[in-house]
Amino acid sequence: MSKLKLSSLILALSLSTAAMADNLTFKWDAVTLNADGTPCTDLGGYKLYRGTAKGTYGGPIDVGNVTTYVHSEPKDGKYYYVVSAYDTSGNESGYSNEVGVTIDHTAPRPPSNFSLLQKILTAILQLLGKRV
C-alpha cells in the first residue's frame, strides 16, 4: 500500500515547427502530501506509463523528480497515459487519472473546393495587376 497521494495528470499536445517532430508534453502537480495527510518529505520521483488500451500499460519511464516530461516524435496511434509517484524507499503510489491521446501525422487534405478557390484568387490578383 502506497503512502503517497498523487494529483491529476494533465496532458497537452504541442506541435513543433520541424517536420514530423511532434512532441507530447506531460505536466502534473507535485506530490506534497502522503496518503495520511502528512507532508511528503521523501519523494523520489515519478514514473510515466503508456498503453494502447485503457487501463493496460507497459513498463514505466522513470522521469525523475520533475513535474514535466516531453516525449519526442511519438508514433501514430491511440495511447493512454498515467503517472505515479515513488518515495526514496521505492514505495509507489497508485496511478493518476488516465489521459488518452490520438497521434496522427497524416497530412490534412486540401478543401474539396480548393481548385475553385485557387481560380478565384488568381482572377482577383490578375484584376489587381499582379502576375501569378
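How many bridges join E6 to E7, and do these strands run parallel or antiparallel? Five bridges join E6 to E7, and the two strands run antiparallel; strands count as paired if DSSP finds at least two bridges between them. The structure is a predicted model, in which local features need pLDDT of at least 70 and side-chain atom pairs count only at pLDDT 80 or more, while totals for chains, interfaces and linings use all residues. Residues are numbered from 1 along each chain as its sequence is written, and side-chain values use heavy atoms, with hydrogens and water left out.

The protein has one helix and seven strands, where helices (H or I, at least four residues) and strands (E, at least two) are DSSP runs numbered from the N terminus. Read along the sequence, these elements follow the pattern β-β-β-β-β-β-β-α. Of the 132 residues in the protein, 30% are buried; here buried means under 20% relative accessible area, exposed means over 50%, and partly exposed lies in between, with a 1.4 Å probe and protein chains only.

The strands E6 and E7 belong to an open sheet of four strands, arranged in the order E4-E3-E6-E7 with antiparallel pairing. Its edge strands are E4 (61-64) and E7 (99-103), each of which pairs on one side only. Neighbouring strands of this sheet are turned by 30° against each other on average, direction ignored, with axes taken as lines fitted to C-alpha atoms, for helices over the stretch in contact, and angles running from 0 to 180 degrees between N-to-C directions. In general, the strands of a sheet pair through backbone hydrogen bonds, either parallel or antiparallel.

The order of the sheet can be followed through individual bridge partners. Strand E3 (residues 43-51) and E4 pair in the antiparallel sense over three bridges, and Tyr46 stands opposite Gly64 in E4. Eight bridges join E3 to E6, again in antiparallel fashion, and the bridge partner of Gly45 in E6 is Tyr86. Strand E6 is mostly covered, with nine of its eleven residues buried.

A further pairing involves strand E2 (residues 23-28) and strand E5 (residues 68-72), which pair in the antiparallel sense over five bridges, with Leu24 standing opposite His71 in E5. Strand E2 is also mostly covered, since five of its six residues are buried.

Arg50 lies in strand E3 and counts as partly exposed because its relative accessible area is 35%.

Charged side chains give a further contact between separate parts of the chain. A search of the whole structure finds one salt bridge, defined as a side-chain nitrogen of Lys or Arg within 4 Å of a carboxyl oxygen of Asp or Glu. In this salt bridge the side chains of Glu92 and Lys47 meet at 3.7 Å, N to O. The pair links distant parts of the chain, 45 residues apart, with Glu92 in the loop between strand E6 (77-87) and E7 and Lys47 in strand E3. Glu92 counts as partly exposed because its relative accessibility is 27%. The loop between E6 and E7 also holds Ser96, which is buried because its relative accessible area is 11%. Ser96 and Leu48 are 48 residues apart in sequence and 9.8 Å apart in space, C-alpha to C-alpha.

Ile124 lies in helix H1 (residues 114-127) and is partly exposed, because its relative accessible area is 41%. Ile124 is one of the residues of a nonpolar surface patch, formed with Leu116, Ile120, Leu121, Leu125 and Leu128, that has about 560 Å² of accessible area together. Patches are made of residues with over 30% relative accessible area and no salt bridge, like charges being joined within 9 Å and nonpolar side chains (Val, Leu, Ile, Met, Phe, Trp, Tyr) within 5 Å, and accessible areas come from the Shrake-Rupley method with a 1.4 Å probe, where for residues only the protein chains shown count as cover.
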